[in-house]
Amino acid sequence: MKYLFLAICMSIVLSTLARAEETHRENIFAEFPPVDPSDPILLERIYGSTTISPNDPVIAGHYGTWTLSYTAGDAGLDDGASIWFSVKSISDWGWFQTRDPAAPDYALVETTGKAKVSSRMAFGPIRPWGKSIVVRITEGYLEPGDQVRVVIGDRSGGSPGNRIQTMNQAKAVFQVS
(Lines give C-alpha, C1' and ligand atoms only; values in the text may rest on other atoms or scores of the structure.)
Protein backbone atom coordinates (compact mmCIF):
# COMPACT_ATOMS: atom_id res chain seq x y z
CA MET A 1 0.00 0.00 0.00
CA LYS A 2 1.15 3.48 -0.78
CA TYR A 3 0.77 5.99 2.06
CA LEU A 4 0.82 9.74 1.98
CA PHE A 5 1.07 12.13 4.88
CA LEU A 6 -0.96 15.30 4.66
CA ALA A 7 0.45 18.56 5.85
CA ILE A 8 -0.82 22.09 5.77
CA CYS A 9 1.13 25.27 5.33
CA MET A 10 0.08 28.87 5.21
CA SER A 11 1.12 31.82 3.12
CA ILE A 12 0.17 35.22 4.39
CA VAL A 13 -0.94 37.85 1.92
CA LEU A 14 -0.26 40.84 4.13
CA SER A 15 -1.81 43.43 1.87
CA THR A 16 -5.36 42.05 2.26
CA LEU A 17 -5.33 41.61 6.00
CA ALA A 18 -7.02 44.64 7.52
CA ARG A 19 -10.38 45.22 9.18
CA ALA A 20 -13.14 47.13 7.42
CA GLU A 21 -13.78 49.79 10.05
CA GLU A 22 -12.34 53.18 9.08
CA THR A 23 -11.18 53.99 12.60
CA HIS A 24 -9.36 50.70 12.65
CA ARG A 25 -7.76 51.44 9.27
CA GLU A 26 -6.38 54.73 10.56
CA ASN A 27 -4.67 52.97 13.44
CA ILE A 28 -3.74 49.68 11.74
CA PHE A 29 0.01 50.24 11.89
CA ALA A 30 -0.16 51.36 15.52
CA GLU A 31 -2.02 48.15 16.44
CA PHE A 32 -0.36 45.81 13.97
CA PRO A 33 3.11 47.06 13.07
CA PRO A 34 5.04 45.35 10.27
CA VAL A 35 6.02 41.87 11.44
CA ASP A 36 9.27 40.02 10.97
CA PRO A 37 8.27 37.16 8.62
CA SER A 38 10.70 34.87 10.44
CA ASP A 39 8.56 35.07 13.62
CA PRO A 40 5.81 32.47 12.97
CA ILE A 41 4.23 32.84 16.41
CA LEU A 42 3.68 36.58 15.98
CA LEU A 43 2.50 36.11 12.37
CA GLU A 44 -0.05 33.54 13.53
CA ARG A 45 -1.32 35.72 16.37
CA ILE A 46 -1.83 38.76 14.15
CA TYR A 47 -2.80 37.28 10.78
CA GLY A 48 -4.29 33.91 11.64
CA SER A 49 -3.62 30.20 11.53
CA THR A 50 -4.59 27.07 9.67
CA THR A 51 -5.30 23.49 10.68
CA ILE A 52 -6.13 20.21 8.97
CA SER A 53 -8.21 17.40 10.42
CA PRO A 54 -7.65 14.53 10.38
CA ASN A 55 -3.90 14.58 9.86
CA ASP A 56 -3.34 10.85 9.58
CA PRO A 57 -1.57 8.77 6.93
CA VAL A 58 -3.75 8.01 3.90
CA ILE A 59 -3.57 5.45 1.13
CA ALA A 60 -2.70 6.84 -2.30
CA GLY A 61 -5.62 6.68 -4.75
CA HIS A 62 -8.28 6.25 -2.05
CA TYR A 63 -11.07 8.63 -1.13
CA GLY A 64 -10.98 10.74 2.03
CA THR A 65 -12.39 13.74 3.84
CA TRP A 66 -10.40 16.59 5.41
CA THR A 67 -11.39 19.81 7.08
CA LEU A 68 -9.07 22.72 6.36
CA SER A 69 -9.68 25.62 8.73
CA TYR A 70 -8.40 29.17 8.62
CA THR A 71 -8.82 31.06 11.91
CA ALA A 72 -8.54 34.85 11.68
CA GLY A 73 -5.91 36.44 13.93
CA ASP A 74 -6.06 39.73 15.77
CA ALA A 75 -6.17 41.72 12.49
CA GLY A 76 -9.30 39.93 11.23
CA LEU A 77 -9.89 39.70 7.49
CA ASP A 78 -11.58 42.43 5.46
CA ASP A 79 -14.57 42.15 3.14
CA GLY A 80 -13.46 41.49 -0.42
CA ALA A 81 -10.48 39.41 0.71
CA SER A 82 -9.97 35.90 -0.65
CA ILE A 83 -8.47 32.78 0.88
CA TRP A 84 -7.08 30.11 -1.46
CA PHE A 85 -7.11 26.45 -0.38
CA SER A 86 -4.92 24.57 -2.89
CA VAL A 87 -3.12 21.34 -3.72
CA LYS A 88 -0.41 20.88 -6.30
CA SER A 89 -1.67 20.70 -9.86
CA ILE A 90 1.14 18.39 -10.94
CA SER A 91 -0.72 15.41 -9.52
CA ASP A 92 -3.81 13.43 -10.35
CA TRP A 93 -5.55 14.53 -7.15
CA GLY A 94 -9.32 14.82 -7.73
CA TRP A 95 -10.60 18.25 -8.82
CA PHE A 96 -12.61 19.95 -6.08
CA GLN A 97 -16.20 20.87 -6.88
CA THR A 98 -19.00 22.61 -4.97
CA ARG A 99 -22.00 21.99 -7.22
CA ASP A 100 -23.06 18.37 -6.59
CA PRO A 101 -22.89 17.10 -2.99
CA ALA A 102 -23.42 13.50 -4.16
CA ALA A 103 -20.56 13.53 -6.69
CA PRO A 104 -16.90 12.73 -6.01
CA ASP A 105 -14.59 15.51 -4.80
CA TYR A 106 -17.38 17.64 -3.30
CA ALA A 107 -16.17 20.46 -1.04
CA LEU A 108 -18.34 22.23 1.53
CA VAL A 109 -17.43 25.81 2.49
CA GLU A 110 -18.67 27.41 5.72
CA THR A 111 -17.79 30.15 8.18
CA THR A 112 -18.37 30.52 11.91
CA GLY A 113 -18.76 34.30 11.98
CA LYS A 114 -21.26 36.81 10.62
CA ALA A 115 -19.40 37.30 7.33
CA LYS A 116 -20.96 35.95 4.15
CA VAL A 117 -18.66 34.05 1.80
CA SER A 118 -18.76 32.70 -1.73
CA SER A 119 -16.58 30.00 -3.25
CA ARG A 120 -15.33 29.01 -6.66
CA MET A 121 -12.89 26.56 -8.16
CA ALA A 122 -9.80 28.05 -9.74
CA PHE A 123 -6.42 27.20 -11.16
CA GLY A 124 -3.74 29.03 -9.21
CA PRO A 125 -2.76 31.23 -7.42
CA ILE A 126 0.82 30.35 -8.36
CA ARG A 127 2.53 27.25 -9.64
CA PRO A 128 2.58 24.52 -8.56
CA TRP A 129 -0.53 25.24 -6.43
CA GLY A 130 -3.14 24.76 -9.14
CA LYS A 131 -6.22 22.96 -7.88
CA SER A 132 -7.84 25.55 -5.65
CA ILE A 133 -11.00 26.48 -3.82
CA VAL A 134 -11.16 30.26 -3.55
CA VAL A 135 -13.27 31.58 -0.68
CA ARG A 136 -14.15 35.27 -0.95
CA ILE A 137 -15.63 37.37 1.83
CA THR A 138 -18.61 39.03 0.13
CA GLU A 139 -20.36 40.75 3.08
CA GLY A 140 -18.96 41.78 6.43
CA TYR A 141 -15.54 40.66 7.59
CA LEU A 142 -13.91 37.97 9.68
CA GLU A 143 -13.43 39.06 13.25
CA PRO A 144 -10.54 37.71 15.31
CA GLY A 145 -11.24 34.04 16.03
CA ASP A 146 -13.76 33.58 13.19
CA GLN A 147 -13.11 30.56 11.00
CA VAL A 148 -13.50 29.65 7.37
CA ARG A 149 -13.73 25.88 6.96
CA VAL A 150 -13.45 23.90 3.77
CA VAL A 151 -14.52 20.26 4.08
CA ILE A 152 -12.76 18.61 1.16
CA GLY A 153 -14.51 15.36 0.25
CA ASP A 154 -17.60 16.17 2.33
CA ARG A 155 -19.75 13.01 2.47
CA SER A 156 -22.89 14.42 4.09
CA GLY A 157 -24.68 14.64 0.70
CA GLY A 158 -23.62 11.20 -0.55
CA SER A 159 -20.22 11.97 -2.08
CA PRO A 160 -17.66 9.16 -1.78
CA GLY A 161 -15.13 11.82 -0.70
CA ASN A 162 -12.14 13.39 -2.43
CA ARG A 163 -9.78 11.14 -4.40
CA ILE A 164 -6.20 11.43 -3.25
CA GLN A 165 -3.39 11.36 -5.81
CA THR A 166 -2.38 7.86 -6.88
CA MET A 167 1.38 8.30 -6.68
CA ASN A 168 3.25 7.60 -3.48
CA GLN A 169 4.82 10.63 -1.85
CA ALA A 170 6.33 11.30 1.58
CA LYS A 171 3.78 14.06 2.18
CA ALA A 172 1.14 15.93 0.27
CA VAL A 173 0.64 19.58 1.19
CA PHE A 174 -2.43 21.77 1.18
CA GLN A 175 -1.48 25.41 0.65
CA VAL A 176 -3.64 28.08 2.28
CA SER A 177 -2.93 31.59 1.04
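This is a dialogue on how to read some features of a predicted model.

Reader: What does the protein chain contain in helices and strands?

Author: The model is predicted, so every value here is computed from it. The protein chain has 13 strands and 3 helices.

Reader: How many residues does the chain have, and what percentage of them count as buried?

Author: There are 177 residues in the protein chain, and 45% of them count as buried. The chain exposes about 9000 Å², with 53% of that area supplied by carbon and sulfur atoms.

Reader: What percentage of the contacts between residues at least 6 apart in sequence join residues at least 24 apart?

Author: In the protein chain that share is 77%.

Reader: Where should I look for the nonpolar core, and which residues touch the most other members?

Author: The general idea is that in soluble globular proteins nonpolar side chains tend to be buried together. Here the largest nonpolar core has 27 residues, and Phe85 and Leu142 touch the most other members. Two or more residues come from each of β6 (66-71), β7 (82-88), β8 (107-111), β10 (129-139), β11 (147-152) and β13 (172-176).

Reader: Take Ile133. Is Ile133 buried or exposed?

Author: Burial is read from relative accessible area, and the cut-off for buried is under 20%. Ile133 has a value of 0%, so Ile133 is buried. Ile133 is in strand β10. Beyond its neighbours within four places in sequence, Ile133 has contacts that include Ile83, Trp84, Phe85, Val109, Met121 and Val150.

Reader: How do I read a pair of aromatic rings?

Author: A pair of aromatic rings is described by the distance of the centres and the angle of the planes. In this structure the count comes to 3 aromatic pairs. One of them is Trp66 with Phe174, a tilted pair with 6.3 Å from centre to centre and 50° between the planes. That pair links distant parts of the chain, since Trp66 is in strand β6 and Phe174 is in strand β13, 108 residues apart. Trp66 and Phe174 are both buried.

Reader: Why is the pair of Trp93 and Phe174 edge-to-face?

Author: The planes of Trp93 and Phe174 are at 80°, with the ring centres 5.6 Å apart, so the pair is edge-to-face; the cut-off for that class is over 60 degrees. This pair also links distant parts of the chain: Trp93 is in the loop between β7 and β8, and Phe174 is in strand β13, 81 residues away. Trp93 is buried, as is Phe174. Trp66, Trp93 and Phe174 form one aromatic cluster.

Reader: Which side chains make a polar contact with the side chain of Asn162?

Author: There are two to look at, Trp93 and Asp105. The side chain of Asn162 makes a polar contact with the side chain of Trp93 at 2.5 Å, and another with the side chain of Asp105 at 2.9 Å. Asn162 is in strand β12 (residues 162-163). With 0% relative accessibility, Asn162 counts as buried. The C-alpha atoms of Asn162 and Asp105 are separated by 4.0 Å, although the two residues are 57 apart along the chain. Leaving aside neighbours within four places in sequence, Asn162 is in contact with residues including His62, Tyr63, Trp66, Phe96 and Ile152.

Reader: Where is Gln165 found, and with which side chain does the side chain of Gln165 make a polar contact?

Author: Gln165 is in the loop between β12 and β13. Its side chain makes a polar contact with the side chain of Gln169 at 2.3 Å. With a relative accessible area of 4%, Gln165 is buried.

Reader: How do I read the backbone angles?

Author: Most residues other than glycine have a negative phi, and most peptide bonds are trans. Asp105 has a positive phi, near 70°. Asp105 is in the loop between β7 and β8, and at 12% relative accessibility Asp105 counts as buried.

Reader: Which peptide bond is cis?

Author: The peptide bond from Ser53 to Pro54 is cis, with omega near -5°. Pro54 is in the loop between β3 (49-53) and β4 (58-59).

Technical notes
Residues are numbered from 1 along each chain as its sequence is written. Side-chain values use heavy atoms; hydrogens and water are left out. A nonpolar core is a set of buried Ala, Val, Leu, Ile, Met, Phe, Trp, Tyr and Cys residues joined through side-chain atoms within 4.5 Å. Buried means under 20% relative accessible area, exposed over 50%, partly exposed in between (1.4 Å probe, protein chains only). Helices (H or I, at least four residues) and strands (E, at least two) are DSSP runs, numbered from the N terminus. Contact means heavy atoms within 4.5 Å. Accessible areas come from the Shrake-Rupley method with a 1.4 Å probe; for residues, only the protein chains shown count as cover. A polar contact is a pair of N or O atoms within 3.5 Å; within protein, one must be able to donate a hydrogen and the other to accept it, and residues adjacent in sequence count only if both atoms are side-chain atoms. Rings of Phe, Tyr and Trp (its six-membered ring) pair if their centres lie within 6.5 Å; planes under 30 degrees apart count as stacked, over 60 as edge-to-face and the rest as tilted.
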